[in-house]
Amino acid sequence: MRIALRVEYDGSSYHGWQAQTGLHTVQQVLETAISKVADMDITVVCAGRTDTGVHATNQVVHFDCEVSRPIRSWIHGVNSFLPKDVCVKFSKLMSDEFHARYTATARRYRYVIYNAPIRPALSRSQVTWSYRQLDHQAMALASQCLLGENDFTSFRSVECQSNTPMRRVMDLKVIRSGDLVIIDITANAFLHHMVRNIAGVLMAVGTAKKSIEWVNEVLQAKDRRLGKLMTTPSQLTYGINVFNLTCSFQV
């Protein structure tokens, strides 16, 4: 049988989603917990892998299991074996045609920037801090060239394993709420570090270091060195780059 879970986690102490030898990852702790409830080794498939320090509010995963358990067991039972920074929120029995990765119709990230002169304390692991004043309206205007299907080579990392740099961005908003500037982006999928690099490029526009037109120049150049240039620690001045991942499905 195939079981789908909706998972929430604080990625602050994890080296991203994907299981890696010798590293603490979300996939490893989740598979360990599910395997204890199933009393067999379980491997999970996720809708979208997250990087180091990335949080998820609606990460969807699925796994196949030969044993039957009540749905409550896949929620409360698994949660009893999980660390406090990872939690299963929902579980459902699915048909074999369902696939957490390939059934997903979109992925949504919310990149949150704390834009104030003094660094945050309580939310330090939830936001990126920029003490330079950001013009969110300029960032929003500059971002619109990224809508639609484009070659995002300039915004991918050198470690990106995708066979194609083409991605379709369905929606991209930059809004301000008090001291928070939020980059809200929905796409069919994302390249490795794509959102991180988009944020860095837009922040360069927001601080008037670069022009609005420059974002399109970076996109058209198809040169990853240009996008990566703006995401060094000196540019993103504090903390880790933080996203919130939400996946949408057609089921």
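1. His193 is partly exposed, with a relative accessible area of 21%. On this scale, buried means under 20% relative accessible area, exposed over 50% and partly exposed in between (1.4 Å probe, protein chains only). His193 sits in the loop between strand 9 (180–187) and helix 4 (194–206). Its phi is positive, about 65°, although His193 is not a glycine.

2. A word on the source: this is a predicted model, where local features need pLDDT of at least 70, side-chain atom pairs count only at pLDDT 80 or more, and totals for chains, interfaces and linings use all residues. Residues are numbered from 1 along each chain as its sequence is written, and side-chain values use heavy atoms, leaving out hydrogens and water.

3. Why look at phi at all? Because most residues other than glycine have a negative phi. Asp39 also has a positive one, near 60°. You'll find Asp39 in the loop between helix 1 (26–38) and strand 2 (45–46), and it is exposed at 67% relative accessible area. Helices (H or I, at least four residues) and strands (E, at least two) are DSSP runs, numbered from the N terminus.

4. Now for the rings: Phe, Tyr and Trp (its six-membered ring) pair if their centres lie within 6.5 Å, and planes under 30 degrees apart are stacked, over 60 edge-to-face, the rest tilted. That rule gives five aromatic pairs. In one of them, Tyr109 and Phe190 have ring centres 4.8 Å apart and planes at 90°, so the pair is edge-to-face. It joins distant parts of the chain, 81 residues apart: Tyr109 is in strand 5 (residues 104–115), Phe190 in the loop between strand 9 and helix 4. Tyr109 is buried at 7%, and Phe190 counts as buried at 16%.
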